[in-house]
Amino acid sequence: MRKLIINDLSTCVGCNRCIRVCPVEEANVAFMENGAIKVRINNDRCIACGACIQACRHESRDYEDDTERFLSDLSNGARISMFAAPAGRANLEEFGRILAWLRQLGVRNIFDVSLGADICTWAHIRFIQKNQPASVITQPCPAIVKYIQMYRPELIPNLSPIHSPMLCTAIYMKKNKNITDSLAVLSPCIAKADEFDATGLAKYNVTFKKLRDYIHRHHITLPQQPGSFDSPDSVLGRLYSMPGGLKENVEFYLGKALRIDKCEGQAVVYRALDQFSVQKKDHLPAIFDVLNCPEGCNLGTGCNHHKDMFEINSIMDRERKQVTQNREKAYFDKLYETFDHIFNLNDFVRHYTSKRVYTQTITGEDIEKGFELLGKQTSVQRQFDCGACGSDSCRNMAGKVAIGVNTPMNCIEKTRNDIQSEHAAVLSIQEKNINNLEIILSDISNVKTLSDDILSNIQDVNRAFKQYGTMANEIDLIAMHINIISLNASVEAARAGVHGKAFAVVAEEIRSLAKSSKKTVSETAEVSKQAVSSTGAINQMIQEISQAVSKTYDTIQNISHRPQSEPDGSESAQALSPSRVEA
(Lines give C-alpha, C1' and ligand atoms only; values in the text may rest on other atoms or scores of the structure.)
Protein backbone atom coordinates (compact mmCIF):
# COMPACT_ATOMS: atom_id res chain seq x y z
CA MET A 1 0.00 0.00 0.00
CA ARG A 2 1.67 3.17 -1.19
CA LYS A 3 1.76 6.45 0.67
CA LEU A 4 -0.71 8.88 -0.91
CA ILE A 5 -1.04 11.67 1.65
CA ILE A 6 2.18 13.47 2.49
CA ASN A 7 2.91 16.14 5.06
CA ASP A 8 5.61 18.74 5.52
CA LEU A 9 6.26 19.05 9.24
CA SER A 10 8.34 22.19 8.72
CA THR A 11 5.16 24.16 7.96
CA CYS A 12 2.91 22.38 10.46
CA VAL A 13 1.80 24.69 13.29
CA GLY A 14 -0.13 22.10 15.30
CA CYS A 15 -3.52 23.76 14.72
CA ASN A 16 -5.23 20.33 14.91
CA ARG A 17 -7.57 20.96 11.99
CA CYS A 18 -6.36 17.73 10.38
CA ILE A 19 -7.12 15.76 13.55
CA ARG A 20 -10.57 17.30 13.81
CA VAL A 21 -11.69 16.34 10.29
CA CYS A 22 -10.06 12.90 10.10
CA PRO A 23 -12.58 10.03 10.40
CA VAL A 24 -9.91 7.67 11.71
CA GLU A 25 -8.83 8.15 15.32
CA GLU A 26 -5.21 7.05 15.01
CA ALA A 27 -4.34 8.31 11.50
CA ASN A 28 -2.92 11.58 12.87
CA VAL A 29 -0.36 11.67 15.67
CA ALA A 30 0.28 14.89 17.61
CA PHE A 31 3.68 15.22 19.27
CA MET A 32 6.12 17.80 20.62
CA GLU A 33 9.15 18.84 18.56
CA ASN A 34 11.52 21.50 19.85
CA GLY A 35 8.83 22.90 22.10
CA ALA A 36 6.23 23.07 19.31
CA ILE A 37 3.23 20.84 18.61
CA LYS A 38 3.35 18.97 15.28
CA VAL A 39 0.95 16.49 13.69
CA ARG A 40 2.20 13.70 11.46
CA ILE A 41 0.33 11.11 9.41
CA ASN A 42 0.34 7.44 10.31
CA ASN A 43 0.06 6.11 6.76
CA ASP A 44 -0.67 2.60 7.99
CA ARG A 45 -3.96 3.95 9.38
CA CYS A 46 -4.80 6.48 6.66
CA ILE A 47 -7.68 5.77 4.23
CA ALA A 48 -6.70 8.66 1.91
CA CYS A 49 -10.03 10.42 2.37
CA GLY A 50 -8.23 13.75 1.74
CA ALA A 51 -10.10 15.64 4.46
CA CYS A 52 -6.86 16.84 6.07
CA ILE A 53 -5.57 18.34 2.82
CA GLN A 54 -8.68 20.45 2.39
CA ALA A 55 -8.61 21.44 6.08
CA CYS A 56 -4.92 22.40 6.26
CA ARG A 57 -4.24 26.13 5.85
CA HIS A 58 -0.48 25.94 6.26
CA GLU A 59 0.51 23.86 3.21
CA SER A 60 1.58 21.03 5.48
CA ARG A 61 -0.62 18.43 3.75
CA ASP A 62 -0.55 17.40 0.10
CA TYR A 63 -0.86 14.24 -1.95
CA GLU A 64 1.00 12.32 -4.63
CA ASP A 65 -0.49 10.98 -7.85
CA ASP A 66 0.95 9.55 -11.07
CA THR A 67 0.87 12.64 -13.30
CA GLU A 68 4.64 13.05 -13.62
CA ARG A 69 5.23 9.31 -14.14
CA PHE A 70 2.41 9.12 -16.70
CA LEU A 71 3.75 12.03 -18.78
CA SER A 72 7.31 10.71 -18.54
CA ASP A 73 6.32 7.22 -19.70
CA LEU A 74 4.20 8.72 -22.45
CA SER A 75 7.11 10.82 -23.73
CA ASN A 76 9.28 7.69 -23.71
CA GLY A 77 6.91 5.92 -26.08
CA ALA A 78 4.78 3.85 -23.70
CA ARG A 79 1.48 2.63 -25.19
CA ILE A 80 -1.14 4.30 -23.03
CA SER A 81 -4.88 4.76 -23.37
CA MET A 82 -7.02 6.77 -20.98
CA PHE A 83 -10.47 7.14 -19.56
CA ALA A 84 -11.73 10.35 -17.96
CA ALA A 85 -14.18 10.90 -15.10
CA PRO A 86 -17.35 12.88 -15.90
CA ALA A 87 -16.43 15.31 -13.11
CA GLY A 88 -13.91 16.73 -15.60
CA ARG A 89 -16.74 18.52 -17.38
CA ALA A 90 -17.60 20.41 -14.21
CA ASN A 91 -14.02 21.05 -13.04
CA LEU A 92 -12.06 21.93 -16.15
CA GLU A 93 -13.27 24.69 -18.47
CA GLU A 94 -10.67 23.52 -21.00
CA PHE A 95 -11.62 19.85 -20.57
CA GLY A 96 -11.99 19.16 -24.31
CA ARG A 97 -8.76 21.00 -25.14
CA ILE A 98 -6.89 18.95 -22.52
CA LEU A 99 -8.17 15.77 -24.18
CA ALA A 100 -6.86 17.07 -27.53
CA TRP A 101 -3.48 17.88 -25.94
CA LEU A 102 -3.23 14.39 -24.44
CA ARG A 103 -3.83 12.90 -27.86
CA GLN A 104 -1.02 15.07 -29.23
CA LEU A 105 1.27 13.64 -26.55
CA GLY A 106 0.50 10.14 -27.77
CA VAL A 107 -2.50 8.85 -25.78
CA ARG A 108 -4.03 6.29 -28.13
CA ASN A 109 -7.66 6.07 -26.93
CA ILE A 110 -9.72 8.18 -24.53
CA PHE A 111 -12.99 6.84 -23.11
CA ASP A 112 -15.69 8.53 -21.04
CA VAL A 113 -16.24 7.05 -17.59
CA SER A 114 -19.88 8.10 -17.95
CA LEU A 115 -20.28 4.98 -20.11
CA GLY A 116 -18.74 2.91 -17.31
CA ALA A 117 -21.25 4.54 -14.93
CA ASP A 118 -24.12 3.41 -17.17
CA ILE A 119 -22.65 -0.08 -17.10
CA CYS A 120 -22.26 0.17 -13.31
CA THR A 121 -25.94 1.09 -12.89
CA TRP A 122 -27.00 -1.80 -15.14
CA ALA A 123 -24.78 -4.21 -13.19
CA HIS A 124 -26.19 -3.05 -9.83
CA ILE A 125 -29.78 -3.45 -11.00
CA ARG A 126 -29.13 -6.89 -12.44
CA PHE A 127 -27.21 -7.98 -9.33
CA ILE A 128 -30.04 -6.85 -7.03
CA GLN A 129 -32.69 -8.46 -9.25
CA LYS A 130 -30.75 -11.72 -9.38
CA ASN A 131 -29.54 -12.02 -5.76
CA GLN A 132 -32.08 -9.99 -3.75
CA PRO A 133 -29.46 -8.87 -1.17
CA ALA A 134 -30.76 -7.55 2.15
CA SER A 135 -28.89 -4.26 2.03
CA VAL A 136 -26.14 -3.09 -0.30
CA ILE A 137 -23.52 -0.40 0.28
CA THR A 138 -22.48 1.03 -3.08
CA GLN A 139 -18.78 1.45 -3.62
CA PRO A 140 -17.78 3.87 -6.35
CA CYS A 141 -15.60 5.51 -3.67
CA PRO A 142 -12.27 3.82 -2.80
CA ALA A 143 -11.91 5.65 0.52
CA ILE A 144 -15.21 4.06 1.60
CA VAL A 145 -13.97 0.64 0.50
CA LYS A 146 -10.68 1.11 2.33
CA TYR A 147 -12.43 2.20 5.52
CA ILE A 148 -14.68 -0.88 5.46
CA GLN A 149 -11.77 -3.24 4.75
CA MET A 150 -9.60 -1.74 7.47
CA TYR A 151 -12.04 -0.71 10.19
CA ARG A 152 -15.43 -2.31 9.44
CA PRO A 153 -14.67 -5.65 7.75
CA GLU A 154 -17.96 -6.97 9.13
CA LEU A 155 -19.60 -4.80 6.44
CA ILE A 156 -17.79 -6.52 3.55
CA PRO A 157 -20.80 -8.82 2.91
CA ASN A 158 -22.90 -5.66 2.47
CA LEU A 159 -20.38 -3.99 0.18
CA SER A 160 -21.61 -4.05 -3.40
CA PRO A 161 -19.47 -6.44 -5.45
CA ILE A 162 -20.01 -4.37 -8.60
CA HIS A 163 -16.93 -2.50 -9.73
CA SER A 164 -16.86 1.29 -9.65
CA PRO A 165 -17.73 3.19 -12.85
CA MET A 166 -14.03 3.74 -13.54
CA LEU A 167 -13.19 0.06 -13.34
CA CYS A 168 -16.32 -0.85 -15.30
CA THR A 169 -14.88 1.43 -17.99
CA ALA A 170 -11.49 -0.30 -17.78
CA ILE A 171 -13.09 -3.73 -18.10
CA TYR A 172 -15.16 -2.56 -21.08
CA MET A 173 -12.04 -1.22 -22.79
CA LYS A 174 -10.06 -4.41 -22.17
CA LYS A 175 -12.74 -7.05 -22.78
CA ASN A 176 -15.06 -5.42 -25.29
CA LYS A 177 -12.67 -3.13 -27.18
CA ASN A 178 -9.58 -5.36 -26.85
CA ILE A 179 -7.41 -2.48 -25.75
CA THR A 180 -4.15 -3.87 -24.40
CA ASP A 181 -2.45 -0.56 -23.62
CA SER A 182 -1.60 0.52 -20.10
CA LEU A 183 -4.53 2.51 -18.79
CA ALA A 184 -4.30 5.99 -17.28
CA VAL A 185 -7.23 7.68 -15.57
CA LEU A 186 -8.06 11.38 -15.53
CA SER A 187 -9.49 11.37 -12.05
CA PRO A 188 -10.99 13.62 -9.37
CA CYS A 189 -9.88 11.33 -6.53
CA ILE A 190 -6.67 10.76 -4.59
CA ALA A 191 -7.73 7.35 -3.26
CA LYS A 192 -8.38 5.91 -6.74
CA ALA A 193 -4.70 4.96 -6.79
CA ASP A 194 -5.45 2.34 -4.10
CA GLU A 195 -8.31 0.94 -6.19
CA PHE A 196 -6.13 0.69 -9.29
CA ASP A 197 -3.26 -0.91 -7.36
CA ALA A 198 -5.62 -3.44 -5.74
CA THR A 199 -7.22 -4.55 -9.01
CA GLY A 200 -4.41 -3.99 -11.51
CA LEU A 201 -6.93 -2.62 -14.02
CA ALA A 202 -5.29 0.80 -14.35
CA LYS A 203 -1.70 1.96 -14.01
CA TYR A 204 -1.82 5.75 -13.62
CA ASN A 205 -4.03 7.93 -11.44
CA VAL A 206 -3.78 11.40 -13.01
CA THR A 207 -5.81 13.86 -10.96
CA PHE A 208 -7.41 17.01 -12.32
CA LYS A 209 -5.49 19.26 -9.94
CA LYS A 210 -2.00 17.87 -10.54
CA LEU A 211 -2.47 17.77 -14.32
CA ARG A 212 -3.79 21.33 -14.39
CA ASP A 213 -0.90 22.45 -12.14
CA TYR A 214 1.54 20.78 -14.55
CA ILE A 215 0.01 22.57 -17.54
CA HIS A 216 0.23 25.96 -15.82
CA ARG A 217 3.69 25.35 -14.36
CA HIS A 218 5.12 24.47 -17.79
CA HIS A 219 3.18 27.21 -19.62
CA ILE A 220 1.68 24.72 -22.01
CA THR A 221 -0.50 26.09 -24.80
CA LEU A 222 -3.47 23.80 -25.33
CA PRO A 223 -4.91 23.12 -28.79
CA GLN A 224 -7.77 25.40 -29.75
CA GLN A 225 -9.88 22.58 -31.15
CA PRO A 226 -11.31 20.42 -28.35
CA GLY A 227 -10.90 16.67 -28.41
CA SER A 228 -13.61 14.05 -28.05
CA PHE A 229 -14.10 10.55 -26.67
CA ASP A 230 -13.68 7.28 -28.52
CA SER A 231 -16.44 5.63 -26.47
CA PRO A 232 -20.15 5.46 -27.34
CA ASP A 233 -22.40 8.18 -25.94
CA SER A 234 -23.41 7.80 -22.33
CA VAL A 235 -26.68 8.71 -20.69
CA LEU A 236 -27.43 9.18 -16.98
CA GLY A 237 -23.97 7.93 -16.08
CA ARG A 238 -22.85 11.53 -16.46
CA LEU A 239 -24.64 12.27 -13.16
CA TYR A 240 -22.65 9.73 -11.14
CA SER A 241 -20.22 12.38 -9.96
CA MET A 242 -23.04 14.18 -8.11
CA PRO A 243 -24.05 13.28 -4.55
CA GLY A 244 -26.69 10.55 -4.89
CA GLY A 245 -25.79 10.03 -8.55
CA LEU A 246 -26.22 6.27 -8.35
CA LYS A 247 -29.51 6.72 -6.52
CA GLU A 248 -30.82 8.98 -9.28
CA ASN A 249 -29.73 6.49 -11.93
CA VAL A 250 -31.38 3.50 -10.24
CA GLU A 251 -34.57 5.40 -9.44
CA PHE A 252 -34.87 6.63 -13.01
CA TYR A 253 -35.04 2.96 -14.08
CA LEU A 254 -36.80 1.32 -11.09
CA GLY A 255 -38.74 4.29 -9.72
CA LYS A 256 -39.29 4.19 -5.93
CA ALA A 257 -39.52 0.39 -5.81
CA LEU A 258 -36.42 0.25 -3.65
CA ARG A 259 -35.56 2.33 -0.61
CA ILE A 260 -32.29 4.09 -1.38
CA ASP A 261 -30.61 6.15 1.33
CA LYS A 262 -27.64 8.37 0.55
CA CYS A 263 -24.89 9.95 2.62
CA GLU A 264 -21.79 11.87 1.68
CA GLY A 265 -19.00 13.84 3.30
CA GLN A 266 -16.17 12.79 5.60
CA ALA A 267 -17.84 14.48 8.55
CA VAL A 268 -20.85 12.15 8.50
CA VAL A 269 -20.46 9.21 6.15
CA TYR A 270 -18.02 7.17 8.25
CA ARG A 271 -20.11 7.68 11.36
CA ALA A 272 -23.08 6.51 9.31
CA LEU A 273 -21.18 3.36 8.31
CA ASP A 274 -20.40 2.72 11.98
CA GLN A 275 -24.11 3.03 12.75
CA PHE A 276 -24.97 0.81 9.78
CA SER A 277 -22.81 -1.96 11.23
CA VAL A 278 -24.89 -2.16 14.42
CA GLN A 279 -28.30 -1.23 13.04
CA LYS A 280 -31.24 -3.64 12.94
CA LYS A 281 -31.57 -5.21 9.52
CA ASP A 282 -35.18 -4.17 9.06
CA HIS A 283 -34.12 -0.53 9.50
CA LEU A 284 -31.57 -0.64 6.69
CA PRO A 285 -32.24 0.52 3.11
CA ALA A 286 -32.02 -1.73 0.08
CA ILE A 287 -29.20 0.48 -1.23
CA PHE A 288 -27.00 2.78 0.79
CA ASP A 289 -25.42 5.21 -1.69
CA VAL A 290 -22.33 6.66 0.00
CA LEU A 291 -19.54 9.00 -1.07
CA ASN A 292 -16.48 10.27 0.76
CA CYS A 293 -16.63 13.85 -0.53
CA PRO A 294 -19.46 16.18 0.59
CA GLU A 295 -20.20 17.36 -2.96
CA GLY A 296 -19.44 14.03 -4.57
CA CYS A 297 -16.74 13.49 -7.16
CA ASN A 298 -17.43 16.89 -8.71
CA LEU A 299 -15.51 18.43 -5.83
CA GLY A 300 -13.37 15.39 -5.09
CA THR A 301 -10.06 15.36 -3.27
CA GLY A 302 -8.09 15.57 -6.54
CA CYS A 303 -10.06 18.56 -7.88
CA ASN A 304 -9.02 22.20 -8.04
CA HIS A 305 -11.92 23.46 -5.88
CA HIS A 306 -12.05 26.75 -7.77
CA LYS A 307 -15.80 26.43 -8.30
CA ASP A 308 -18.51 26.32 -5.67
CA MET A 309 -21.35 23.82 -5.41
CA PHE A 310 -23.84 26.10 -7.17
CA GLU A 311 -21.66 26.44 -10.26
CA ILE A 312 -21.08 22.69 -10.28
CA ASN A 313 -24.76 21.88 -9.83
CA SER A 314 -25.80 24.23 -12.62
CA ILE A 315 -23.41 22.41 -14.98
CA MET A 316 -24.72 19.02 -13.87
CA ASP A 317 -28.31 20.16 -14.27
CA ARG A 318 -27.58 21.00 -17.91
CA GLU A 319 -26.10 17.53 -18.31
CA ARG A 320 -29.21 15.99 -16.76
CA LYS A 321 -31.53 17.84 -19.10
CA GLN A 322 -29.41 16.95 -22.08
CA VAL A 323 -29.38 13.20 -21.44
CA THR A 324 -33.03 12.89 -20.34
CA GLN A 325 -34.56 15.06 -23.02
CA ASN A 326 -36.94 12.99 -25.18
CA ARG A 327 -35.81 9.80 -23.45
CA GLU A 328 -38.43 7.75 -21.67
CA LYS A 329 -37.95 4.70 -19.49
CA ALA A 330 -38.40 2.52 -22.56
CA TYR A 331 -35.13 3.92 -23.87
CA PHE A 332 -33.27 2.66 -20.82
CA ASP A 333 -35.06 -0.69 -20.94
CA LYS A 334 -33.75 -1.13 -24.45
CA LEU A 335 -30.29 0.09 -23.45
CA TYR A 336 -30.06 -2.41 -20.59
CA GLU A 337 -31.31 -5.21 -22.83
CA THR A 338 -28.43 -4.36 -25.13
CA PHE A 339 -26.07 -4.52 -22.16
CA ASP A 340 -27.54 -7.92 -21.27
CA HIS A 341 -26.46 -9.23 -24.66
CA ILE A 342 -22.99 -7.74 -24.85
CA PHE A 343 -21.84 -7.92 -21.22
CA ASN A 344 -21.25 -10.71 -18.75
CA LEU A 345 -22.29 -9.55 -15.27
CA ASN A 346 -19.54 -11.61 -13.64
CA ASP A 347 -16.91 -9.59 -15.49
CA PHE A 348 -17.90 -6.56 -13.44
CA VAL A 349 -17.90 -8.28 -10.06
CA ARG A 350 -15.16 -7.67 -7.52
CA HIS A 351 -14.33 -9.67 -4.39
CA TYR A 352 -13.08 -8.06 -1.20
CA THR A 353 -10.92 -9.33 1.64
CA SER A 354 -10.47 -7.96 5.10
CA LYS A 355 -7.46 -5.76 5.75
CA ARG A 356 -8.42 -5.15 9.33
CA VAL A 357 -6.31 -2.72 11.26
CA TYR A 358 -6.52 -3.37 14.96
CA THR A 359 -6.75 -0.16 16.89
CA GLN A 360 -5.41 0.02 20.39
CA THR A 361 -7.94 -0.94 23.02
CA ILE A 362 -8.46 1.92 25.45
CA THR A 363 -9.52 0.86 28.93
CA GLY A 364 -11.07 2.88 31.70
CA GLU A 365 -7.72 2.74 33.44
CA ASP A 366 -6.08 4.22 30.32
CA ILE A 367 -8.60 7.06 30.24
CA GLU A 368 -8.02 7.76 33.94
CA LYS A 369 -4.28 7.88 33.27
CA GLY A 370 -4.90 10.25 30.38
CA PHE A 371 -7.01 12.53 32.58
CA GLU A 372 -4.19 12.62 35.13
CA LEU A 373 -1.68 13.59 32.43
CA LEU A 374 -4.09 16.30 31.32
CA GLY A 375 -4.46 17.54 34.90
CA LYS A 376 -8.23 17.02 34.77
CA GLN A 377 -9.56 16.08 38.19
CA THR A 378 -13.09 17.42 38.39
CA SER A 379 -16.11 16.44 36.31
CA VAL A 380 -16.27 19.98 34.95
CA GLN A 381 -12.68 19.71 33.72
CA ARG A 382 -13.31 16.28 32.24
CA GLN A 383 -16.31 17.52 30.31
CA PHE A 384 -14.81 20.77 29.07
CA ASP A 385 -15.07 19.37 25.50
CA CYS A 386 -13.85 22.47 23.64
CA GLY A 387 -12.54 20.40 20.72
CA ALA A 388 -9.41 22.55 20.27
CA CYS A 389 -7.21 19.44 20.55
CA GLY A 390 -8.99 17.88 17.56
CA SER A 391 -11.00 15.38 19.62
CA ASP A 392 -14.73 15.78 20.12
CA SER A 393 -14.52 15.25 23.88
CA CYS A 394 -12.02 15.40 26.74
CA ARG A 395 -12.63 11.71 27.38
CA ASN A 396 -11.66 10.91 23.79
CA MET A 397 -8.57 13.10 24.15
CA ALA A 398 -7.62 11.37 27.41
CA GLY A 399 -7.70 8.03 25.60
CA LYS A 400 -5.49 9.36 22.80
CA VAL A 401 -3.00 10.79 25.29
CA ALA A 402 -2.90 7.46 27.11
CA ILE A 403 -1.99 5.51 23.95
CA GLY A 404 0.45 8.16 22.71
CA VAL A 405 -1.29 9.57 19.63
CA ASN A 406 -1.76 13.00 21.18
CA THR A 407 0.17 15.07 23.68
CA PRO A 408 -1.09 16.70 26.88
CA MET A 409 0.38 19.99 25.68
CA ASN A 410 -2.27 19.96 22.94
CA CYS A 411 -5.00 20.54 25.53
CA ILE A 412 -5.79 24.26 25.57
CA GLU A 413 -7.47 24.06 28.97
CA LYS A 414 -4.39 22.36 30.48
CA THR A 415 -2.15 24.97 28.87
CA ARG A 416 -4.31 27.76 30.25
CA ASN A 417 -4.39 26.21 33.73
CA ASP A 418 -0.63 25.64 33.63
CA ILE A 419 -0.05 29.27 32.68
CA GLN A 420 -2.36 30.45 35.47
CA SER A 421 -0.55 28.20 37.96
CA GLU A 422 2.82 29.47 36.78
CA HIS A 423 1.52 33.02 36.95
CA ALA A 424 0.32 32.45 40.52
CA ALA A 425 3.72 30.97 41.42
CA VAL A 426 5.47 34.00 39.91
CA LEU A 427 3.21 36.33 41.90
CA SER A 428 4.01 34.36 45.07
CA ILE A 429 7.73 34.71 44.37
CA GLN A 430 7.23 38.41 43.66
CA GLU A 431 5.41 38.82 46.96
CA LYS A 432 8.27 37.11 48.80
CA ASN A 433 10.77 39.26 46.95
CA ILE A 434 8.84 42.38 47.90
CA ASN A 435 8.94 41.30 51.56
CA ASN A 436 12.69 40.73 51.24
CA LEU A 437 13.08 44.11 49.60
CA GLU A 438 11.30 45.73 52.53
CA ILE A 439 13.77 44.06 54.91
CA ILE A 440 16.72 45.12 52.74
CA LEU A 441 15.27 48.60 52.53
CA SER A 442 15.03 48.78 56.31
CA ASP A 443 18.63 47.57 56.70
CA ILE A 444 19.92 50.04 54.13
CA SER A 445 17.97 52.77 55.86
CA ASN A 446 19.83 51.90 59.08
CA VAL A 447 23.14 51.87 57.21
CA LYS A 448 22.27 55.25 55.72
CA THR A 449 21.53 56.64 59.23
CA LEU A 450 24.81 55.25 60.61
CA SER A 451 26.82 56.65 57.69
CA ASP A 452 25.21 60.03 58.22
CA ASP A 453 26.13 59.86 61.95
CA ILE A 454 29.73 58.91 61.13
CA LEU A 455 29.92 61.74 58.65
CA SER A 456 28.64 64.13 61.32
CA ASN A 457 31.18 62.86 63.90
CA ILE A 458 34.02 63.10 61.40
CA GLN A 459 33.04 66.68 60.74
CA ASP A 460 33.16 67.36 64.54
CA VAL A 461 36.67 65.90 64.66
CA ASN A 462 37.69 68.11 61.77
CA ARG A 463 36.38 71.15 63.58
CA ALA A 464 38.27 70.10 66.76
CA PHE A 465 41.50 69.73 64.78
CA LYS A 466 40.98 73.13 63.27
CA GLN A 467 40.45 74.65 66.76
CA TYR A 468 43.54 72.86 68.01
CA GLY A 469 45.54 74.34 65.14
CA THR A 470 44.47 77.83 66.17
CA MET A 471 45.41 77.13 69.81
CA ALA A 472 48.81 75.72 68.74
CA ASN A 473 49.55 78.90 66.82
CA GLU A 474 48.69 80.96 69.87
CA ILE A 475 50.87 78.73 72.11
CA ASP A 476 53.72 79.10 69.63
CA LEU A 477 53.34 82.90 69.74
CA ILE A 478 53.29 82.86 73.56
CA ALA A 479 56.46 80.70 73.62
CA MET A 480 58.16 83.17 71.31
CA HIS A 481 57.21 86.06 73.65
CA ILE A 482 58.41 84.11 76.69
CA ASN A 483 61.68 83.39 74.95
CA ILE A 484 62.18 87.14 74.28
CA ILE A 485 61.31 87.97 77.88
CA SER A 486 63.78 85.31 79.13
CA LEU A 487 66.49 86.81 76.94
CA ASN A 488 65.81 90.25 78.42
CA ALA A 489 65.83 88.75 81.93
CA SER A 490 69.23 87.16 81.28
CA VAL A 491 70.61 90.51 80.17
CA GLU A 492 69.31 92.20 83.31
CA ALA A 493 70.68 89.38 85.49
CA ALA A 494 74.13 89.83 83.98
CA ARG A 495 74.04 93.50 84.78
CA ALA A 496 73.11 92.75 88.38
CA GLY A 497 76.26 90.74 88.84
CA VAL A 498 76.33 88.47 91.89
CA HIS A 499 72.90 89.54 92.86
CA GLY A 500 71.44 88.52 89.58
CA LYS A 501 72.77 84.93 89.35
CA ALA A 502 69.70 83.39 90.87
CA PHE A 503 67.51 85.36 88.50
CA ALA A 504 69.72 84.28 85.58
CA VAL A 505 69.10 80.63 86.45
CA VAL A 506 65.36 81.29 86.45
CA ALA A 507 65.59 83.11 83.14
CA GLU A 508 67.46 80.19 81.60
CA GLU A 509 64.85 77.70 82.77
CA ILE A 510 62.10 79.90 81.35
CA ARG A 511 63.92 80.04 78.01
CA SER A 512 64.30 76.22 78.02
CA LEU A 513 60.60 75.88 78.75
CA ALA A 514 59.78 78.21 75.87
CA LYS A 515 61.95 76.21 73.46
CA SER A 516 60.44 72.93 74.66
CA SER A 517 56.92 74.31 74.28
CA LYS A 518 57.65 75.49 70.73
CA LYS A 519 59.11 72.12 69.78
CA THR A 520 56.12 70.27 71.22
CA VAL A 521 53.66 72.56 69.46
CA SER A 522 55.53 72.08 66.17
CA GLU A 523 55.47 68.30 66.53
CA THR A 524 51.80 68.36 67.53
CA ALA A 525 50.95 70.59 64.57
CA GLU A 526 52.54 68.06 62.20
CA VAL A 527 50.53 65.24 63.77
CA SER A 528 47.43 67.42 63.61
CA LYS A 529 48.11 68.17 59.95
CA GLN A 530 48.42 64.45 59.19
CA ALA A 531 45.24 63.76 61.22
CA VAL A 532 43.34 66.45 59.31
CA SER A 533 44.52 64.92 56.02
CA SER A 534 43.42 61.43 57.14
CA THR A 535 40.07 62.60 58.44
CA GLY A 536 39.59 64.45 55.13
CA ALA A 537 40.07 61.22 53.20
CA ILE A 538 37.76 59.42 55.62
CA ASN A 539 35.27 62.22 55.23
CA GLN A 540 35.38 61.81 51.39
CA MET A 541 34.93 58.06 51.66
CA ILE A 542 32.04 58.43 54.08
CA GLN A 543 30.37 60.93 51.73
CA GLU A 544 30.74 58.54 48.79
CA ILE A 545 29.35 55.67 50.86
CA SER A 546 26.46 57.86 51.95
CA GLN A 547 25.68 58.79 48.36
CA ALA A 548 25.84 55.14 47.22
CA VAL A 549 23.58 54.07 50.09
CA SER A 550 21.11 56.85 49.24
CA LYS A 551 21.05 55.80 45.56
CA THR A 552 20.55 52.13 46.47
CA TYR A 553 17.83 53.10 48.91
CA ASP A 554 15.96 55.10 46.25
CA THR A 555 16.30 52.28 43.66
CA ILE A 556 14.95 49.62 46.00
CA GLN A 557 12.16 51.92 47.10
CA ASN A 558 11.14 52.44 43.46
CA ILE A 559 11.17 48.67 42.82
CA SER A 560 9.09 47.93 45.90
CA HIS A 561 6.49 50.51 44.86
CA ARG A 562 6.25 49.36 41.17
CA PRO A 563 2.71 48.11 40.22
CA GLN A 564 2.46 44.30 40.02
CA SER A 565 0.46 42.10 37.61
CA GLU A 566 -3.01 41.23 38.73
CA PRO A 567 -3.28 37.64 40.00
CA ASP A 568 -6.17 36.78 37.66
CA GLY A 569 -3.87 35.57 34.92
CA SER A 570 -5.03 38.28 32.51
CA GLU A 571 -1.54 38.89 31.15
CA SER A 572 -0.77 35.20 30.91
CA ALA A 573 -4.08 34.52 29.25
CA GLN A 574 -2.85 36.57 26.30
CA ALA A 575 -0.25 33.90 25.71
CA LEU A 576 -3.04 31.57 24.62
CA SER A 577 -3.30 32.14 20.88
CA PRO A 578 -6.85 32.95 19.72
CA SER A 579 -6.10 30.95 16.54
CA ARG A 580 -5.78 27.80 18.64
CA VAL A 581 -9.31 28.26 19.89
CA GLU A 582 -10.59 29.34 16.46
CA ALA A 583 -8.84 26.37 14.89
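**View 1. An open sheet of 4 strands pairs in parallel in the order 6-5-8-9.** Strands here are DSSP runs (E, at least two residues), as are helices (H or I, at least four residues), both numbered from the N terminus, and two strands pair if DSSP finds at least two bridges between them. Because strand 6 (110-112) and strand 9 (204-207) stand at the edges, each with a single partner strand, one side of each has no neighbour in the sheet. From one strand to the next the twist averages 25 degrees. The model is predicted: local features need pLDDT of at least 70, side-chain atom pairs count only at pLDDT 80 or more, and totals for chains, interfaces and linings use all residues. Residues are numbered from 1 along each chain as its sequence is written, and side-chain values use heavy atoms, with hydrogens and water left out.

**View 2. Strand 8 and strand 9 run parallel, joined by 4 bridges.** Strand 8 covers residues 182-187, and Ala184 has Tyr204 in strand 9 as its bridge partner. Helix 5 (residues 95-105) packs on the sheet and touches strand 5 (80-84), strand 6 and strand 8, where contact means heavy atoms within 4.5 Å. The direction of helix 5 makes about 150 degrees with that of strand 6; axes are lines fitted to C-alpha atoms, for helices over the stretch in contact, and angles run from 0 to 180 degrees between N-to-C directions. Helix 10 (residues 208-217) also packs on the sheet, touching strand 8 and strand 9, with its direction at about 70 degrees to that of strand 9.

**View 3. Strand 2 and strand 3 form an antiparallel pair over 6 bridges.** Strand 2 spans residues 28-33 and strand 3 spans residues 36-41. Val29 stands opposite Arg40 in strand 3. The hairpin has 2 residues between the strands, and Asn34 takes a positive phi near 55 degrees.

**View 4. The largest pocket has a volume of about 880 Å³.** On a 1 Å grid over the protein atoms alone, a pocket is an open set of points with protein on both sides within 12 Å along at least five of seven lines, a cavity is a set where a 1.4 Å probe fits but cannot get out, and lining residues have an atom within 4 Å of a point. Grid points are joined across faces, edges and corners, and a volume is the space filled by probe spheres set on the points. Of the 34 lining residues, Cys22, Pro23, Val24, Glu25 and Asp274 are the closest to the centre of the pocket. Helix 17 gives the most to this lining, with 5 residues. The lining has 17 nonpolar, 7 polar and 10 charged residues; Ala, Val, Leu, Ile, Met, Phe, Trp, Tyr, Cys and Pro count as nonpolar, Asp, Glu, Lys and Arg as charged, and the others, Gly among them, as polar.

**View 5. The largest cavity has a volume of about 290 Å³.** Its lining comprises 25 residues, of which Pro140, Pro188, Lys192, Leu291 and Cys297 are the closest to its centre. Helix 6, helix 8 (165-176), helix 11 (245-254) and strand 11 (287-291) each supply at least two lining residues. By class the lining of the largest cavity divides into 16 nonpolar, 7 polar and 2 charged residues.
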